[in-house]
Amino acid sequence: MNKLVNLNEEFPLDSSLIYLNHAAVSPLPKRTVETLQLLIQEMMFQGAKNYPQWQLKENLLREQLRDLIHAPSSNDIALLKNTSEAISTVAYGLDWKKGENVVITDQEFPSNRIVWESLEKYGVITKKALISNIEEPEEALFQLVDEKTRLISVSAVQYASGLKMDLNKIGLFCKKHQILFCVDAIQHLGALQFDVQAIQADFVMADGHKWLLAPEGLALFYSTPQAREKLELKQYGWRSVENVGNYDVLEWQLPDSARKFECGSPNMIGIHALSSSLSLFLEIGLIEIEKKILENTHFLLNLLKQIPDIKIISPQQRERCSGIVTFKHDKKDNNLLFEQLKQHNIICAQRGGGIRFSPHFYTSKLQLEQAVEIIK
Ligand SMILES: Cc1ncc(COP(=O)(O)O)c(C=O)c1O
């Protein structure tokens with residue numbers, strides 16, 4: 001771990017809590033809160049006097065996001081409201097023909113299902129691959145593909161089970177068959193390393209409030225130049241043009257960059273916060289963060305496996321693991337168990353028919369042991 005980052009200082013969480021809910025909404029690091037405090041003070045005392053500096057922060061954020069996902073250029077990154085808005089930008093931007101289809105899995109979070117299902121009114125079919133308890137979930141996706149398949153859309157990590165998809169394999173298949181590849185990366189970014197060029201994705205989206213430790217309401221939307229050419233814009237505004245800020249010129253054109261998807265005023269507070277949280281990731285290093293997260297996952301899995309009647313729902317093969325560990329008690333009422341955990345201030349979630357623990361890299365092994373003691 002980077003010695004310059006003091007984790008106790010960065011995460012001064014209430015010591016009575018054991019926070020195992022980063023797959024839901026995460027606590028903010030201290031540096032992010034301090035950035036926000038300074039910004040809102042500035043907004044109160046000086047209004048937008050320093051707006052040019054805020055714009056520099058916005059530029060910096062695009063570069064940080066480029067580095068986070070290893071995108072070729074920050075021009076490929078748009079800042080949208082949330083993951084659902086980004087998926088909708090893809091779904092409603094494509095010129096669908098009746099009878100075409102999208103392939104997803106049956107484990108997707110509703111954002112990556114409902115948007116596609118809503119295209120039914122245009123005669124677009126959403127096919128769902130059954131991927132529970134099978135060794136090669138990607139093959140199940142491929143089997144549903146036919147000559148009418150336009151796009152495959154998957155979560156990089158499934159929200160309930162924590163199953164990590166083999167994105168390289170899906171990307172390769174999509175390129176070979178000229179199918180668009182869309183990745184909801186909200187349960188992956190900030191926990192595991194990600195390389196958008198290696199996986200050959202056309203579109204990637206993720207809000208910042210989970211593993212990226214930022215507030216809700218600001219999402220990254222990556223698109224390749226060729227893929228975004230295929231999207232018709234459904235929202236326009238003063239910021240979706242090439243010459244932003246040149247209000248007197250009546251002619252306008254869309255920029256080539258992904259910024260065309262941002263129609264109006266940016267979420268400056270969200271931009272400052274996400275940039276600050278990302279600085280922590282880039283300082284510590286994504287390799288180190290992934291290592292710590294997977295160490296916690298395997299530690300937790302081992303502890304849980306020692307408890308009689310606990311059934312692990314999450315995959316346990318190393319290459320399928322993420323930051324999520326979901327389990328259930330075969331003999332106890334799991335609602336009751338969840339309530340008991342809550343009473344002991346173990347912050348977690350009920351998902352996928354069980355209880356989901358999602359510790360982050362800074363969560364200590366002692367805290368994991370304490371949480372498992374309650375289950376025992
Ligand atoms: C896989 C996945 N996608 C999307 C979301 C949330 O989407 P949005 O950013 O639109 O709120 C979640 C939240 O739990 C999720 O787990």
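Predicted model: local features only at pLDDT ≥ 70, side-chain atom pairs only at ≥ 80, totals over all residues.
Reader: Okay, K260. Why is K260 called buried?

Author: Count neighbours. A residue is buried if 20 or more other C-beta atoms, placed from the backbone, lie within 10 Å of its own, exposed if 12 or fewer, and partly exposed in between. K260 has 21 such atoms within 10 Å, so it is buried.

Reader: Where is K260 found, and which residues is K260 in contact with?

Author: K260 is found in the loop between helix 9 (225–229) and helix 10 (268–284). Helices here are DSSP runs of H or I with at least four residues, strands are runs of E with at least two, and both are numbered from the N terminus. Leaving aside neighbours within four places in sequence, K260 is in contact with L233, S240, L254 and P255. Contact means that two C-beta atoms, placed from the backbone, lie within 7 Å.

Reader: Now D95: buried or exposed?

Author: D95 has 10 C-beta neighbours inside 10 Å, so it counts as exposed. This residue lies in the loop between helix 4 and strand 3 (101–105).

Reader: And what makes N345 partly exposed?

Author: N345 has 15 other C-beta atoms within 10 Å, so it falls in the in-between class, partly exposed. You'll find N345 in the loop between helix 12 (334–343) and strand 11 (346–347). Its phi is near 65°, a positive value in a residue other than glycine.

Reader: What about L213: where is it found, and is it buried or exposed?

Author: L213 sits in the loop between strand 7 (203–207) and strand 8 (219–223). With 26 C-beta neighbours inside 10 Å, L213 counts as buried. L213 isn't a glycine either, yet has a positive phi of about 60°.

Reader: How do you know that W116 is buried?

Author: Its count is 26 C-beta neighbours inside 10 Å, so W116 counts as buried. W116 lies in helix 5 and touches A91, V102, I104, T126 and S153, not counting residues up to four places away in sequence. Take S153: W116 and S153 are 37 residues apart in sequence and 9.1 Å apart in space, C-alpha to C-alpha.

Reader: What makes helix 3 oblique to helix 10?

Author: Helix 3 (residues 51–69) and helix 10 pack at an angle of about 45°, with axes 9 Å apart. An angle like that makes helix 3 oblique to helix 10. This crossing is left-handed, meaning that the near helix is turned anticlockwise from the far one by less than a right angle (clockwise would be right-handed).

Reader: And why is helix 11 called roughly parallel to helix 13?

Author: Helix 11 (residues 286–305) and helix 13 (residues 365–375) pack at about 30°, with their axes 10 Å apart. Such an angle makes helix 11 roughly parallel to helix 13. Their contact is made by N296, F299, L300, L303 and L304 of helix 11 and K365, L368, E369 and V372 of helix 13.

Reader: How many of those residues are nonpolar, polar and charged?

Author: They divide into six nonpolar, one polar and two charged. The classes go like this: Ala, Val, Leu, Ile, Met, Phe, Trp, Tyr, Cys and Pro are nonpolar, Asp, Glu, Lys and Arg are charged, and the others, Gly among them, are polar.

Reader: Last one: how many residues surround the ligand?

Author: There are 13, and the closest are N82, T83, S84, Y159 and D207.

Technical notes: Residues numbered from 1 in each chain as written. Near = placed C-beta within 6 Å. Axes fitted to C-alpha atoms, helices over the stretch in contact; angles between N-to-C directions. Parallel < 35°, antiparallel > 145°, perpendicular 65-115°, else oblique.
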